[in-house]
Amino acid sequence: MASDPYPNNDSILSRLLNSLHRITSAWGTVVVQGITTLGDISLFAFQMFIWMFRARPKRETLMQNFYAVGVLSLPVVALTGTFIGMVLAIQSYHQFKNLGLETRLGAVINMSLVRELGPVLAATMLAGRVGSAMAAVLGTMRVTEQIDALTSMGANPIHYLVVPRFMACVLLIPALTVMADFMGIVGGYFYSVIILGIDHAQYLRNSRDFVGGFDLFTGVFKSVFFGAMIAIISCYRGFHCQPGAEGVGRAATAAFVQSFVMILALDIVLNIFLDAVYFTIWPTGAKLF
Amino acid sequence: MDESILTQLSTTSPLATRPILETRGMSLQFGRQVVLKDISVSLNRGETVAIIGESGCGKTMFLKALVGLLSPTSGSVIFDGQDIQKLNDQDMTNLRKRFGFVFQNAALFDSMTISQNIAFPLRQHGVPKGKQAQNLITERLAEVGLPSNVLQKRPSQLSGGMRKRVGLARALILEPDLLLYDEPTTGLDPIMSDIINELMMRTRKRYSVTSIIVTHDMHSARKVADRIIMLYPYSRLEVGEPQILFDGPPSQLERSRDRRVKQFVNGEAGERLMEMLASRGKGHPDTLNLVDLNSHHGTGEK
């Protein structure tokens with residue numbers, strides 16, 4: 001704890017100055033730490049990009065990570081995708097029915113899924129399932145000196161540990177997103193048509209008319225950035241893990257929380273960007289494909 | 001001034017042989033915390049040096065700085081005439097073939113089998129391959145006294161002593177010029193400690209390797225080393241005092257006039273006990289009392 005620079009506790013002024021000093025110093029520390037971490041993460045990502053193009057990771061390490069990120073995440077992404085499709089149907093049905101527009105549910109459900117919920121859900125599941133595991137594994141490796149051991153034996157830990165994880169996340173998250181989209185669409189269709197009894201043909205026609213190729217592209221495009229963000233934040237958190245079980249736990253939690261916040265923040269930025277692209281290409285808002 | 005003393009100490013070898021490893025005014029600092037200050041040491045080929053000192057004096061950091069796992073804040077580390085901080089990645093990777101590092105808790109990769117762990121440096125440097133590599137692995141494993149049926153096991157299935165021996169086998173696989181041991185006997189039973197000591201001596205004889213052993217096990221240091229360097233925590237030094245309190249053969253340890261060296265060698269807390277009691281008297285809530293300290297004894301360090 002910082003010692004009081006104005007030790008005369010009697011006067012109100014000195015007490016005021018003391019608390020002001022503490023507040024300023026606390027905020028200063030937060031700001032400095034924030035900027036340092038941001039700089040650190042940027043350097044970490046930069047090094048990772050350099051290594052990615054400098055040497056190809058070994059096939060076996062790549063395959064291991066592809067399996068963990070892609071194949072093992074598939075069931076949970078598919079399951080949550082189905083649920084979210086069904087939930088969308090339940091939530092919007094009554095409001096649309098009151099307006100007599102229940103057949104438009106197809107457009108609403110599928111549009112929200114493909115543009116927003118599919119990619120964000122797949123990314124969230126990936127951050128929770130893979131991101132925190134990455135941070136925990138790398139954190140344990142850091143704490144037990146395995147990362148130092150790698151370096152001491154002439155392997156670059158960023159090349160050996162981070163690049164394959166990054167590639168797995170970036171290359172496989174589009175597939176997971178498509179899976180979440182597909183299962184969401186199936187779930188939404190199942191609830192709307194089979195359970196709520198909305199007309200099958202109209203539901204499909206509405207979906208087809210409103211949801212275009214650009215919407216699907218938007219979701220998949222965004223997911224690539226989410227994947228990159230998850231891998232960089234999680235690996236960074238693991239690499240900078242504090243010693244002990246608590247340190248590893250904190251790294252895993254921080255990896256998920258920070259990835260999730262960044263996914264949503266990136267989502268806003270990318271949506272603004274993609275909207276601008278859309279209206280530049282199709283100023284009238286017409287869908288060409 | 002330190003440097004001149006150390007140069008004198010290291011002139012026991014002929015002038016023609018240059019030291020294999022040298023640090024010149026090396027300092028290491030984390031934020032405001034100074035860990036190592038102005039350390040100049042010179043190591044001759046084939047020497048076995050034990051670095052002793054209490055926990056937190058920076059001896060492991062020193063070891064890591066020697067092989068480039070940590071970058072010194074100032075000063076330099078010269079390995080075989082090359083300043084390791086000035087090397088590019090490729091040269092550093094090649095240089096690392098000549099180092100073998102035995103980590104405190106072995107640092108075996110849990111995702112790999114023992115065989116893959118020992119083979120890792122071979123795969124990394126691409127020599128040799130196939131059957132030849134397999135023979136080399138079995139040979140090294142036999143050298144450290146482990147049966148070949150552990151090869152397919154995972155590190156988690158082995159005991160601490162076995163893991164350490166696998167760590168040694170892995171460090172030896174490329175027949176390095178310099179072997180670094182980080183607390184090789186810490187956390188082992190006395191029998192296993194003695195086995196590790198014996199292995200360190202045999203390794204030295206067989207490979208005529210230069211070894212640096214970081215330890216606080218005086219029995220091990222005396223038995224294995226032919227030179228002992230004692231580091232002292234920087235924060236406890238007087239202003240301007242050198243951080244190396246002792247540098248010489250083990251037989252000279254007893255003759256050291258420094259009280260702190262004697263205390264460490266004989267395992268006496270000395271004035272630390274008084275300090276502890278004094279701080280207890282001040283009534284800090286976070287101060288341990290003696291009962292607490294005794295109950296924590298032996299679990300403090302991994």
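B:Val166 counts as buried because 26 C-beta neighbours lie inside 10 Å, where buried means that 20 or more other C-beta atoms lie within 10 Å of a residue's own, exposed means 12 or fewer, and partly exposed is in between, with C-beta atoms placed from the backbone. This is a predicted model, in which local features need pLDDT of at least 70 and side-chain atom pairs count only at pLDDT 80 or more, while totals for chains, interfaces and linings use all residues. Residues are numbered from 1 along each chain as its sequence is written, and chains are lettered from A, and ligands numbered from 1, in the order in which they are written.

**Surroundings of B:Val166**

- B:Val166 lies in helix α6 of chain B, where helices (H or I, at least four residues) and strands (E, at least two) are DSSP runs numbered from the N terminus.
- Although B:Val166 and B:Ile118 are 48 residues apart in sequence, they are 7.2 Å apart in space, C-alpha to C-alpha.
- Leaving aside residues up to four places away in sequence, B:Val166 touches B:Ala106, B:Leu108, B:Ile114, B:Asn117, B:Ile118, B:Leu146 and B:Leu158; two residues are in contact if their C-beta atoms, placed from the backbone, lie within 7 Å.

**Helix packing in chain B**

- Helix α6 (residues 160-172) and helix α7 (residues 190-207) of chain B pack at an angle of about 10°, with their axes 10 Å apart, the axes being lines fitted to C-alpha atoms, for helices over the stretch in contact, and the angles running from 0 to 180 degrees between N-to-C directions.
- That angle makes α6(B) roughly parallel to α7(B), since angles under 35 degrees count as roughly parallel, over 145 as roughly antiparallel, 65 to 115 as roughly perpendicular and the rest as oblique.
- The contact is made by B:Gly161, B:Lys164, B:Arg165, B:Leu168 and B:Leu172 from α6(B), together with B:Met192, B:Ile196, B:Leu199 and B:Thr203 from α7(B).
- By class, this contact has five nonpolar, two polar and two charged residues, where Ala, Val, Leu, Ile, Met, Phe, Trp, Tyr, Cys and Pro count as nonpolar, Asp, Glu, Lys and Arg as charged, and the others, Gly among them, as polar.
- Helix α2 (residues 59-66) of chain B is mostly covered, with seven of its eight residues buried, including B:Lys59, B:Phe62 and B:Leu66.

**Strands in chain B**

- Four strands of chain B form an open sheet in the order β2-β1-β4-β5, and the pairing is antiparallel; two strands pair if DSSP finds at least two bridges between them.
- At the edges stand β2 (33-43) and β5 (82-83) of chain B, each with a single partner strand, so one side of each is left without a neighbour in the sheet.
- Strand β1 (residues 21-30) of chain B pairs with β2(B) in the antiparallel sense over seven bridges, and B:Gln29 has B:Val34 as its bridge partner in β2(B).
- Strand β6 (residues 99-102) of chain B sends B:Phe99 and B:Phe101 one way and B:Gly100 and B:Val102 the other way, and all are buried.
- Four bridges join β6(B) to strand β7 (residues 178-182) of chain B, and these two strands run parallel; the bridge partner of B:Phe101 in β7(B) is B:Leu180.

**Loops with a positive phi**

- Most residues other than glycine have a negative phi, and most peptide bonds are trans.
- B:Ala107 has a positive phi of about 50° although it is not a glycine, and B:Ala107 is placed in the loop between β6 and α4 (114-125) of chain B.
- With 24 C-beta neighbours inside 10 Å, B:Ala107 counts as buried, whereas B:Asp80 is partly exposed, with 15 other C-beta atoms within 10 Å.
- B:Asp80 is found in the loop between β4 (74-79) and β5 of chain B, and its phi is near 50°, a positive value in a residue other than glycine.

**Core and chain contacts**

- The largest nonpolar core has 141 residues, and those with the most contacts inside it are A:Leu126, A:Cys169, B:Ile51, B:Leu180 and B:Met230; such a core is a set of buried Ala, Val, Leu, Ile, Met, Phe, Trp, Tyr and Cys residues joined through C-beta atoms within 7 Å.
- Ten residues of chain A are in contact with 17 residues of chain B, and the side of chain A that touches chain B has three nonpolar, five polar and two charged residues.
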